[in-house]
Every structure is written in C-alpha cells, then in structure tokens.
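Welcome to this short tour. Please load the model in your viewer and keep the selection tool at hand.

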Amino acid sequence: MQTRLPEPSTDERAHSDHLLQLLREQIASHGPMPFSQYMERCLYAPGLGYYSAGRTKFGAAGDFVTAPELGELFARCVVNAVQPVLAMFGDDADFLELGGGSGAFAQAALKAMAASGTLPRQYLILEPSADLRERQRERLHAHLPAELNARVQWLDRPPEQDWRGVLFANEVIDALPATRFVMREGEVCEEHVTLDGEARLRRVDRPADALVAGAVRHVERDLGTAFSEGYRSEILPQLPYWIQAVAGSLIAGLMLFVDYGYVRREFYLPERDDGTLMAHYRHHAHNDPLYLPGLNDLTASVDFTALAEAGNSAGFGVAAYLPQAQFLIGAGLQEVFEQMQPHDEHGRYRLSQQVKRLMLPDQMGERFQAMLLARGLDVLPLPADLLAADQGGRL
Ligand SMILES: C[S@@+](CC[C@H](N)C(=O)[O-])C[C@H]1O[C@@H](n2cnc3c(N)ncnc32)[C@H](O)[C@@H]1O
C-alpha cells in the first residue's frame with residue numbers, strides 16, 4: 001500500500017522524522033504509548049502534529065476535502081436549519097464553532113447569518129491548532145467586512161460563563177484521539193505503540209485499564225453480545241467528559257454535529273473487525289497509522305449512539321439524527337440551490353458538482369450523519385421537514 005502513496009518532499013520527511021524522534025524519546029523513557037496518545041501527538045504535537053504544523057490540509061491541494069470546503073451550500077443550509085434557534089434568543093444568542101479548519105465554514109456562515117438577520121452576538125471559534133487559528137483569522141479578515149469580523153472571537157478553552165445559542169462541529173469528533181481495543185481470551189486489551197529492536201514504530205497490545213475496559217463492556221452490554229476473539233476496533237472513552245467540557249455551559253440551545261459514522265450496531269459489525277481507523281495523505285486513504293507520522297491525517301468514524309449517550313449524560317436530548325443528504329434537504333437545500341444559481345455555465349456546473357458531493361449516498365450524502373442535540377428549549381424551533389426526516393429511532 002505504501003509504495004502507491006505520493007513521496008514526501010525532503011522537507012516533509014525531515015518534519016516527520018522530527019516528530020518520530022520525539023515519539024521514540026517518549027516511548028524509550030515511558031514505555032509503550034497508548035494508541036490514542038500516539039494519535040494525539042501525530043495530530044496536535046505543538047509545531048509538529050498534522051493540525052499544528054503549517055501544511056495545507058484542506059481542499060484540492062491538501063489531503064482531503066470537507067463539506068465547507070466545497071463551497072457555500074453546506075454552510076448556508078446549516079444556517080437555515082439553526083437560525084430559528086438564534087432568532088429565538090435574539091441579542092443573547094451566541095454561536096460556537098468547534099474546529100474551524102480553514103475558516104471556510106465561518107466565512108460562509110457569517111455571510112448567511114447577516115443576510116437572514118440572525119447574526120449572533122458573538123461567533124466563537126474553539127480551535128486547538130495555533131496554525132489553523134491564524135489561517136482562520138487571515139481568511140476572515142480578507143473576506144468579511146469589519147462589522148462581521150468584530151463578532152468573531154477565538155477561545156483557548158470552552159466558555160465558562162453560561163450561554164445560549166448554537167454549538168456546531170463538522171468533522172471534529174472523527175479527529176479526537178481514538179482508543180484502539182482488541183479482545184484477547186475474553187479480556188479487553190488496548191493497542192499501544194512501541195519500538196522494535198531497530199527503533200521502528202510497531203503496534204503492541206497490552207491489558208486495558210479500567211476506563212477503557214469499562215467502556216468496551218458497556219458497548220457489549222448495549223449490543224447484547226460479546227466481541228469475538230481478536231475483534232479490534234475504536235472507542236472514545238473520553239467522549240462523555242469531552243461533551244461535558246465543550247457544552248457544559250450551553251444552558252439553552254442546540255448542538256449540531258456532522259461527521260462520518262454509524263449507529264452503534266453498524267459501527268461494531270462483526271465483519272468490521274479492524275475498526276474504522278483511516279489515514280489520509282494527499283487524497284489517498286490508507287490504513288497504516290504508523291506511516292510518516294505528522295504528515296497524515298488520522299481519523300476514526302463516529303459511533304453516533306455513543307454521541308447520543310454522551311449528550312444525554314450532559315443534559316441534552318437528541319432532537320434529530322439523520323444522514324447528511326436528508327439533513328440538507330430538510331434544511332432547505334432546494335431553496336438555497338435556487339438562490340445560489342450562477343449566471344454562467346461554468347458556475348452552474350460547479351454548483352451541481354457541489355450538490356453531488358454533498359448528497360450522493362456513496363459520497364457524503366449517506367456516509368455522513370447529522371446529529372442535533374437540544375437542551376433548555378420549551379419548543380424545538382427546527383424546520384418541520386428536518387424533524388419529519390428524523391431517524392433517531394435507529395440509535
Ligand atoms: C477534519 S478538520 C475539520 C475542519 C472543519 N470543521 C471543516 O469541516 O473543514 C478537524 C478540525 O477539528 C479541530 N479539532 C480537533 N480536536 C478538537 C477539539 N478537541 N476541540 C475543537 N476542535 C478540535 C482540528 O484542529 C481541525 O480544525
């Protein structure tokens with residue numbers, strides 16, 4: 001598989017070697033590193049991780065394309081879906097975006113909110129990567145008027161003061177460091193990364209601690225069946241704590257998560273016995289997370305049943321769960337599409353390509369799901385078509 005991947009430049013290889021050296025030192029002094037910690041270093045080690053170093057990640061020149069990168073359609077539909085909630089809170093409404101990426105979503109969303117008269121008091125961005133923050137800032141300053149930029153603020157940590165409004169995250173949960181577990185003789189083991197005799201990275205399984213074992217046993221109980229010998233997959237034992245941390249102070253409003261994933265019984269299908277972990281390198285997907293650390297995006301699909309449970313334990317109820325295509329239709333895609341019709345042939349072609357990527361089942365339409373979680377709302381002011389398409393019963 002690796003031989004078909006594009007070759008890194010000399011600089012890129014040196015960059016990856018630098019991170020590799022850091023990983024070797026940490027493993028040499030502390031012993032085998034849980035895979036989740038390895039993934040965290042690969043994505044977020046200051047100045048070296050995939051999201052913290054200066055490479056282009058998003059779009060045609062990067063490693064993958066996300067929905068907001070395709071054009072404005074996605075963000076305009078999201079704004080359509082949530083603007084009744086913003087309108088309900090009026091001057092008190094805030095909007096918090098987690099993981100702003102290149103800033104494409106914020107740019108299109110702020111324009112759409114201004115056009116619909118539902119600008120939030122503040123547009124907050126919680127972005128752990130200093131490099132991406134800077135890119136977001138530059139992009140918004142270059143493309144938005146000062147009165148919109150004045151509402152944007154970057155946060156170092158989730159809001160501590162109570163707030164009302166909407167929290168939004170596209171493709172953020174798939175980037176949270178995932179724990180890899182495997183079943184060995186009825187016991188739960190956790191995948192670790194260690195060094196072989198020639199100081200190369202290799203994976204090794206060790207008995208899981210109580211937190212990981214407890215999370216795996218909970219999934220088994222919920223599925224009503226034990227995982228078979230050798231079954232390997234991912235889990236996010238930290239998800240309930242993470243949701244509590246990012247949304248604990250959202251006392252009234254809505255959270256919207258869009259990501260690729262499944263309900264639990266589809267996530268942990270017996271035949272999916274090596275999990276969902278993927279590495280992305282310049283538009284090539286592969287399954288070796290140890291290859292060129294720091295140059296690859298590493299992701300795992302989302303267990304949406306786990307997200308619903310985490311939301312519930314933080315006091316939120318699932319308002320709707322549905323595939324991205326149904327979500328976008330319910331959010332008024334047809335109307336937005338008509339409003340966006342360009343006058344030239346090329347523009348019309350590009351817009352129809354955007355719709356295809358967002359909607360086709362084998363593209364993003366069914367591989368991606370949208371989950372809306374609400375708290376502190378007496379009525380659910382969501383578009384009726386969106387609520388009618390809810391598939392929450394599948395969770
Ligand atoms: C795959 S990118 C998606 C970017 C953007 N939302 C988009 O759709 O183009 C993942 C983003 O999540 C951010 N991220 C990762 N962990 C996060 C966390 N714990 N809180 C907030 N953002 C996070 C990354 O830095 C990055 O901006």
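Start with H1 and H2, which cross in a right-handed sense; a crossing is right-handed if the near helix is turned clockwise from the far one by less than a right angle, and left-handed if anticlockwise. Before going on, note that this is a predicted model, in which local features need pLDDT of at least 70, side-chain atom pairs count only at pLDDT 80 or more, and totals for chains, interfaces and linings use all residues. Residues are numbered from 1 along each chain as its sequence is written, and side-chain values use heavy atoms, with hydrogens and water left out.

To see this pair, select residues 10–30 for H1 and 35–44 for H2: their axes come within 11 Å and cross at roughly 150°. Helices here are DSSP runs (H or I, at least four residues), numbered from the N terminus. Axes are lines fitted to C-alpha atoms over the stretch in contact, with angles from 0 to 180 degrees between N-to-C directions. H1 and H2 are therefore roughly antiparallel (over 145 degrees).

Next, select residues 73–89 (H4) and 104–116 (H5), whose axes come within 9 Å and cross at roughly 50°.

Now move to the ligand. Which residues come nearest to the ligand? Of the 18 residues around the ligand (a heavy atom within 4 Å), select Tyr44, Thr66, Gly99, Glu127 and Asn170, which come nearest.

- Glu127: a polar side-chain atom lies 2.6 Å from a ligand oxygen atom.
- Asn170: a side-chain N or O atom is 2.7 Å from an oxygen atom of the ligand.
- Tyr44: a polar side-chain atom lies 3.3 Å from a ligand nitrogen atom.

The protein covers 94% of the 600 Å² of accessible area (Shrake-Rupley method, 1.4 Å probe) that the ligand has on its own.

Notes:
Polar contact = N/O pair within 3.5 Å; in protein donor to acceptor, adjacent residues only side chain to side chain. Helix = DSSP H or I, 4+ residues; strand = E, 2+ residues; numbered from the N terminus. Parallel < 35°, antiparallel > 145°, perpendicular 65-115°, else oblique.
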